[in-house]
Amino acid sequence: MMKQKSKLLSLLLAVVMTFSLAVPAMAVEVPDAGDSLAGKIVILHTNDTHGGDMVSHEGDKTTDSIGTAGVAQLKKDYEAAGAEVLLLSAGDAIQGAPIVNLDKGVSEIGFMNAAGYDAMAPGNHEFDYGYENLKSLAASMDFPLLAANIVDKATQKPVFQTNGIFVYGLTKIGVFGLATPETASKANPKYVEGLEFLQGEALYACAQAQVDALKQDGCDLIVALGHLGVDPESAPNRSIDVCEHVKGIDLFVDGHSHSTNEQVAAQNGGSNVIDGTLLVSTGTKLANVGVVVYDPDAESLEYGAVAASDYTKSDAAVDKAVTERNTAVDGELSAVFAKTEVDLDGERAPGVRTQETNLGDFATDAILWQAREYLGQDKVDAAITNGGGIRASIPAGDISMKTMKTVFPFGNTVATVTLTGAQLLEALEAATCSTPTAIGAFPQVSGISFTIDTAVPYENGAQYGDTTYFAPAAPGARIKDVTIDGAALDLTKEYTIATNDFTAAGGDTYYVFKQAKLFDTTVAMEDALVNYTRDVLGGTITAERYGAPAGRITVLKDVLADYGDVSASAWYADAARFVLTNGLMNGTGKASFAPEATVTRGMVYQTLYNMAGKPAVAEAATFSDVSGKWYADAAAWAEDQGLTTGVGKGLFGGEKAMTRQELAKVFADYAETTGIHAANMELTAFTDAADVASWAKDGMERAVALGILSGSKGRLMPTGTAQRSQLAQMLKQFSKLEPTYTVEHITVQNGSRQVPAIVTMPVSASKDNKVPAVIMDHGHGGSKDENVGFGGIAVALAQEGIATIRMDFPGCGESKEPFTENYLSNMISDSNACKAYLLANYPVDPDAIGILGYSMGGRIAATLAGEKDSGYKAVVLLAGAVIDGRSLIASIMGGDDKMDAALAQAEQEGKYTLTTRYGQVQDLSSEWFHELIASQPLANAASYTGPVLVMYGDKDTIAPAEVNKLSLKAFPNATEIVVKDADHGYGFYSDQPDVTAAVEGGISGFFFQHLLAKTTEQAA
């Protein structure tokens, strides 16, 4: 990796900065002719030009374009200043305006050849006219089309040139190309048939291989030329993700998300540098041309952009070619066929990718009308088109065919799909998976109405083929109140839906349409719009009919959108959403929830009063300090309920801050008054239990038992001041209580061994309502609680209606057995004994049993799952230790030599005493060694066809990704969840609420889907 230099050339930036600072790149002043850049290499780059080849300097930032002629002249200017110039395109050049659309990119490649481009990476829109068309265009290019991650599905060989090396004197610049995996769904599926776009880990590995090869070839500067983008919904296939996972890229020239350098930085914490890689992008339509100056001697990069508004020079020859083509296109398409009285909204966001618009209404009305004209008025029920297929707005005034070709440039035809209501619901749910964040699949509709509840998270189900999209885990969770022609959607009824041939073929998120019966009318989309406007609207799109959206789509706003200090990923986000939505808490000011603000007595009792429904208060409180206060009624109510007697001396003390133990006692007391009971839970598991005041001990024990309070890092922090985020979380948790579960400490007799265990049982379980259950196997030297981790998972599962049993293996936790009894066969036996005990003594469904194994427990779970007739219906391996036994022992011991010496000692002396990296002292028997060495946990994995979730952390060095990939490969029905920022502790032994939430949510969601949902289906 080359060294990044802190000073930027005065040519590019007028300030001194380091790449780690969040100082945005500034506009570039183009140098005069001379030798000011002698010895430098200038990399000019463009992306997402979308037919913006005509020079435009109208002073309107939305239309300003430097033009391809300007790009050509800019290259000449830098060469005249003494620089070597490398001109790169990051894709999406051949589509977007009639000047390039009409001949499917032929003219665009001619323009780029004339401008002197040196290399290009294909964007997803390069496939809009098909792979064969792109191959033909590539053959006409005077420069290489680079794409390392597009491979032939059958041969797995790249279909385009992967990289190029550009030599300037003694300096070699290596450039490799990457295309967005979203092409698989954003292009018409028939146009990319037979191609695979490597994504995720495969994408990273491909890029790393390119870097390594170019380094091997002696390249001084490594450039990734990619069309990946930085939009969050494109993760994990963004340029940012590649920069984070691939070492050795010096410069990443990006496209796809139409981002400027400043917008790139905004997605990366204010910096354009990611793990040593400079990431740049220029927006779209040649509003800017990117400039990166490489100084081989100083090994430095400086970057900026030339704005169209600041550069008016053009290459005469290129300008002539572009202008002549544009004039010809204008002549062909300039005839006016209609007019509109109103502006028709085709903007991206807010617009056709985020909400219903009047242009979306107009387009789908036309599609529906045309399909009915073709097939019969009673043969088509409704229409859908993807918002991403609408590429521009239509201003009020005359409408020409050029307008239509600009707004609808893809050459799509009107098609129909016949499918069930359930499939249609799935399509709507998937197409709004990121709403309110913009998505090209967003459905503009006619004959359909529905509501999107954006406060409900979109849960991924199965991945849609080799696309980057996922089916909804629960169709109808976010999409509600669907009607077809005014009647409620019938999930079993068949509907015929008019759409475009792209979505009909399963493009974007509409993968479910692949299962439908398809019919293509072959009527071009733009012809349908022309016909509808002429025959139905009489040539005029009126304000009366299309002056505003018709109200077909209702987007329910997430209440958190109004609060700038609550991140959607914050551990308390759901709680804040709950209390705000239900009126239990208010913000503290404009756009502020103040999650870290101190909780006061008035605030707490007011929230409980709100939760109770604000019952009428018969008389004022007896406290002398509440008259006229906003919480006066709450104080009176709390006094009547016996929840408070004040703080003494006749005072309520509404402004007094509350500690966590005070808060816990108030909630526990309120639970009692509302008929919610739970046995007290000893606090001995918490290291600061002794700090709990005697008057608060009972309340703290009940609050912990109820799941209202869970502590952090094994601590309750009882004397700490409570915060609003914690209050919100407690209110949310309290709202779930009826109670939802019971916790029972038991002892299971397994031969001569007594196995301490905990059964967590949903209160819904009964003889007539048997519930699913999960067996939980802990890690090496851990316990049934894994500090607080297993308890938290058990509670999460219980709240979903799933029972659990978790046990202490020999020598662990509360087990009285010596650690020399801690070896695989004993642990497997104890796990099986606890499973049998649970089935014999509790109302659990024997046909809905799952198993969870963490670390060494994962080895046990994998082994048991592979056994014939194991009975397990779902398996979770959390950082499962499934590598071969010798390697596992060596990793625990610190090397093969230490392992052999330890085994010899155990055989000779009956044990080997190990002090673990965590400070645990363990006596390991020779059986421990021999059984681990002999074990093959994945030997029978292929025979287990049930669902398996492989979960691991991106920072886990004990059971890293390559270990978990063994399980993914071995089990035929395995999926993975990679937990961000999680090490091998997974939040069990550290204060990482986001990690804890991801682990608990991922595991409980998986078992809910595969145990409880299946049980419900069977019962139905």
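This is a predicted model: local features need pLDDT of at least 70, side-chain atom pairs count only at pLDDT 80 or more; totals for chains, interfaces and linings use all residues.
**The whole protein**

Start with everything shown as a cartoon. You are looking at 30 helices and 37 strands. The radius of gyration is 32 Å, close to the 31 Å that the globule rule gives for 1020 residues, so the protein is as compact as a globular protein of that length. Along its principal axes, the C-alpha atoms fill a box of roughly 90 × 80 × 60 Å.

Now try colouring by burial. Of the 1020 residues, 57% are buried. As for contacts with a sequence separation of 6 or more, 75% of them link residues 24 or more positions apart.

**Stop one: α18 and α22**

Select residues 601-611, which form helix α18, and residues 724-735, which form helix α22. Their axes come within 12 Å and cross at roughly 25°. Since that angle is under the cut-off of 35 degrees, α18 and α22 are roughly parallel to each other. The crossing of α18 past α22 is right-handed.

Which residues of the two helices meet? Show side chains for M603, V604, T607, L608 and M611 in α18, then for R724, L727, L731 and F734 in α22. Sorted by class, this contact has seven nonpolar residues, one polar and one charged. As you look along a helix, remember that an α-helix has 3.6 residues a turn, so residues three or four places apart point the same way.

**Stop two: α24 and α25**

For another helix pair, select residues 824-841 (α24) and residues 856-866 (α25). The two axes come within 10 Å and cross at roughly 70°. That makes α24 roughly perpendicular to α25. Here too the crossing is right-handed, with α24 passing α25.

From α24, the contact uses L824, M827, I828, S831 and N832, and from α25 it uses M856, R859, I860, T863 and L864. These residues divide into six nonpolar, three polar and one charged.

**Stop three: helix α13**

Move on to the loop between α13 and β18 (443-446), where you will find P436. The peptide bond joining T435 and P436 is cis, with omega about 20°.

**Stop four: another cis bond**

Go to the loop between β8 (221-227) and α7 (239-245) and pick out P236. The peptide bond from A235 to P236 is cis, and its omega is near 5°.

Zoom in on S185, which lies in helix α5 (residues 183-186). S185 has a relative accessible area of 0%, so it is buried. Apart from residues up to four places away in sequence, S185 touches T467, T468, Y469, F502, G507 and D508.

T451 is next, in strand β19 (residues 448-453). T451 is also buried, with a relative accessible area of 12%. Setting aside neighbours within four places in sequence, its contacts are R478, I479, K480, D481, T554 and L556.

Then select I390, in the loop between β15 (382-386) and β16 (397-400). Is I390 buried or exposed? With 3% relative accessibility, I390 counts as buried. Show G360 as well: I390 and G360 are 30 residues apart in sequence, and their C-alpha atoms are 8.0 Å apart in space. Beyond its neighbours within four places in sequence, I390 has contacts that include G346, V352, L359, G360 and Q444.

**Last stop: two positive phi angles**

Finish with a pair of loop residues. E299 sits in the loop between β12 (288-295) and β13 (300-307). Its phi is near 50°, a positive value in a residue other than glycine. At 37% relative accessibility, E299 counts as partly exposed.

K713 is in the loop between α21 (694-706) and α22, a helix you visited at stop one. Although K713 is not a glycine, its phi is positive, about 55°. K713 counts as partly exposed, at 47% relative accessibility.

Methods:
Residues are numbered from 1 along each chain as its sequence is written. Side-chain values use heavy atoms; hydrogens and water are left out. Axes are lines fitted to C-alpha atoms, for helices over the stretch in contact, and angles run from 0 to 180 degrees between N-to-C directions. Helices (H or I, at least four residues) and strands (E, at least two) are DSSP runs, numbered from the N terminus. Angles under 35 degrees count as roughly parallel, over 145 as roughly antiparallel, 65 to 115 as roughly perpendicular and the rest as oblique. A crossing is left-handed if the near helix is turned anticlockwise from the far one by less than a right angle, and right-handed if clockwise. Contact means heavy atoms within 4.5 Å. Ala, Val, Leu, Ile, Met, Phe, Trp, Tyr, Cys and Pro count as nonpolar, Asp, Glu, Lys and Arg as charged, and the others, Gly among them, as polar. Buried means under 20% relative accessible area, exposed over 50%, partly exposed in between (1.4 Å probe, protein chains only). The radius of gyration is taken over C-alpha atoms; the globule rule is 2.2 Å times the number of residues to the power 0.38.
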